[in-house]
Amino acid sequence: MAASEENSALFPIFILSLMAIPLVPYTILKLCHAATKTATIINCQCSACFRSGKYRKSVVKRISNFSTYSNLTLVLLWIIMAVLVHYIKNISHEVKVFEPFSILGLNHGASDSEIKKAFRRLSIQYHPDKNPDPEAHNYFVEYISKAYQALVDPVSRENFEKYGHPDGRQGIQMGIALPQFLLNIDGASGGVYLLGIVGVCIILPLTMAVIYLSRSSKYTGNYVMHQTMSAYFYFMKPSLPPTKIVDVFIKAAEYMEIPVRRTDGEPLQKLFMLVRSELNLDLKNIRQEQAKFWKQHPALVKTELLVQAQLTRESASLSPALQRDFRRVLELAPRLLEELVKMAVFPRSPQAHGWLRPAIGVVELSQSVIQAVPLSARKPAGGSSDGIAPFLQLPHFSEAVVKKIARKKVRTFPELQDLTSQERTDLLTQTAAFSATESQDVEMVLEMMPLITTDIAFETEGEEGIQEGDIVTMHAWVTLKRRNGLVIALPHAPYYPFHKEENYWLLLADSASNDVWISQKVSFMDEAAAISAASKAIQESKEGTGASMKEIKAAVREAVEKVKNGSRLVISKFQAPAEGNYNLTSFCLCDSWIGCDKKTNLKLKVLKRSRAGTRGGAMVDEGPSMEDDEEEEEEDDGYDDYESEYSEDDDDVRHDEIKETLANGSAHGEGSDSSSDGSGTDEE
C-alpha cells in the first residue's frame, strides 16, 4: 500500500519534469526576442500615423496583440505547471515506515505482558465487533494486528530489532510514476480506462498531427499556398506591364478562399463606381467592359475591388463585413507580393536569368499598396518618372496641393526634398495653406524616408580579368541613411492597418535584354544577424585569398562597423556570359516607400577564354583591377531604363546611359543620379 501511494505521488512530479524541460528555455527565448524587437523598432510620429491607431498602446490592443495561439498556449502550459507545483507541495508523499512499537503505543524493549495489554486495549477501540467504522477495521487489520504479530513472534521481533523490519533485511524498492487508478485496473471499468488512455494519449495526438500536416502541406515556408505559387508562376510573363500585375496578384488561392456573400453585392457595386477609373476599362465600350468585369469569378472581382479601395483610399465606404475582408486582403498582401517578386526573378532562361520588367512592376505595386496611392498617379508627369505618387505618400498632400506647389516650380519630389526645412515650410504654408502642425508632419516623414547608396564590386578568384565561363562574385554594400539619424524604423504608412517592416530588393540586371542576373532581398531590421553574416562572409573571403590573421581581423572589424552604421553586405555569384561588353544596372528597390529607389549603372567587360589560361603565378596575386571611364557619358534627365512603366507604351524598353565602367574584371559603382530611386534589400 505504501509503495502504491509513493508511485501515485511520483506521477505529477514526472509530468512536471517533462513540461519544464522544453517550456522554460522556450519561454526565455521568446521573452528575449520580444524585448529585443520592442527596443529596436521605431515608428513614424506624425499626426496621420497617430490617428490611424495602429501604434497606439491601448490595453485592448495589447491584449489583442498578445492573444496569439502560441502565446495563449504558452500561458496555459505555465498555469498547468503552477497547479502541479501546488499539488505536489501539498500532497503527502512521505512513505510511512512500519513501526510496531509506535503503533501499539509502546517504548522499545517492552515486555510481552505489556505488548498483550496494549493489544487488548486497542482491540476494544478498533476491533470490528466494537467499532463498525470501515476505517477502524482497516487500521486494525493492516496495522494493529500486524504490529502485534511482529512483536509476539520471536523471529519477527528479532528481525525488526536487527534490521528495522519484521521480515528481515529489505532490498532496494523501485517505484513507477503512474497514477493510482492505472495501477488498480480490473473488471469492466478497467476496459473503459484503457480505451480512454489510448484515445487521449495516442489517437488524439495522432489526429491533431494529421490535421496539422494536411493543412501545413498546402503552404510553403513563407506561409504562401502552393496553389498560389503555381498560379503566379503560370501567369507571370516577361513583358507583363504594371497595369496587369494586379490581375496576377489577385489570383492567389488565399484570396479565393475569402467568402463572397450575397449581401456583398450592393456594397461592391457602390465601390465599383468609386474606383472604376482605376480598373483600366475601355471608356469607348464602357458597358461591354463593365459586363466583362462582372462576369469574372466573384472572388476575383471582390479582391480586385478591395485592392483598389486601398489604392484609392475609399475603404471608409465599405460595409462592416467587407471591412473584415478588406483587412484580410491587406494582411496577406506583403507576403504574396514578395512571392510574386520571386516568381518574376525566378531563373527561366538558359542563362538562369529572371525578368526585370515584371519584378519592378510588382515592387511598385507593393509601394502603392502600403502607401495607398493609385497606380494612375505613377504615370510620368512634370519631369518625374514616378509622377505625383511620391507626393501623395506625404501627410495632408493631395493632387490639388501638388498642382499648387508646381506653380512655384517645385514639380518633382527631389526638388521638394532639396529645399531647406524653412523653405518647405514657407512653401506649404503660403502656397498650400498648411498649418504649422501639418508642415511639421511633412518634415517628420521626409526625415524618416530612407536614402540609399550602393557600393558594388565584382571579382573572380585567382584571375587577372573576368573571362567567359568564370564564376564571378559580387560584393555589394547597401547603405541606408535617414535625415533623423535612424536606421531601424517602420515606414510611414497611415493607411496600411498593420505593422510593416521595410524590405529592399537588390537586382543586378541587363535592362536592354530584360534579364535579371542576381536578385537578393535585404532587411535592415536585424542588426545582430547582419553582423554575424557579414563577419562570416568577410572572414571566408579573406581566408580564401590567403590573408594573414591580422588582416582578417581588421577586415572583420571594418565590416562590423559598417553594419552598425547602417550598411548591409550582399554577396552573390553568377557565371560570366560570352565575351563582350555588357551594360548592367543595379536596382535597389524599396517595397514600402515611393521615390526612394536607387539605380547604379555599370559596364562589365568579359574577356575571351584563352587556351593557355591566365591562372597561377603572379597573376593570382595581382587580382582584378579597377578602372573608371576617363569620360562619363551624359545622362538623360529622364528615368532611362528604370522608368516607371505606368505609361501608354508597355512593351518598349530603352537602353540605360552608362556612368561607370567595369574594366579587366572588376567594377565599382556608387549610386547614379536616377530620378528618384532608393531601396534596400534582404538576402534570401
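Trainee: How do you know how much space lies in the largest cavity?
Mentor: A cavity is a set of points on a 1 Å grid over the protein atoms alone where a 1.4 Å probe fits but cannot get out. Points are joined across faces, edges and corners, and the volume is the space filled by probe spheres set on the points. For the largest cavity that gives about 30 Å³. The search of the whole structure finds one cavity of 30 Å³ or more. The model is predicted: local features need pLDDT of at least 70, side-chain atom pairs count only at pLDDT 80 or more, and totals for chains, interfaces and linings use all residues. Residues are numbered from 1 along each chain as its sequence is written, and side-chain values use heavy atoms, with hydrogens and water left out.

Trainee: How is the lining of the largest cavity divided by class?
Mentor: Ala, Val, Leu, Ile, Met, Phe, Trp, Tyr, Cys and Pro count as nonpolar, Asp, Glu, Lys and Arg as charged, and the others, Gly among them, as polar. The lining has seven nonpolar, one polar and no charged residues.

Trainee: Why are α14 and α15 called oblique to each other?
Mentor: Angles under 35 degrees count as roughly parallel, over 145 as roughly antiparallel, 65 to 115 as roughly perpendicular and the rest as oblique. Helix α14 (residues 265-275) and helix α15 (residues 286-294) pack at about 135 degrees, with axes 13 Å apart. The two are therefore oblique. Their contact (heavy atoms within 4.5 Å) is made by Leu268, Gln269 and Phe272 of α14 and Gln290, Phe293 and Trp294 of α15.

Trainee: What makes α14 oblique to α16?
Mentor: Their angle is about 50 degrees, with the axes 10 Å apart, and that makes α14 oblique to α16.

Conventions: On a 1 Å grid over the protein atoms alone, a cavity is a set of points where a 1.4 Å probe fits but cannot get out, and a pocket is an open set with protein on both sides within 12 Å along at least five of seven lines; lining residues have an atom within 4 Å of a point. Axes are lines fitted to C-alpha atoms, for helices over the stretch in contact, and angles run from 0 to 180 degrees between N-to-C directions. Helices (H or I, at least four residues) and strands (E, at least two) are DSSP runs, numbered from the N terminus.
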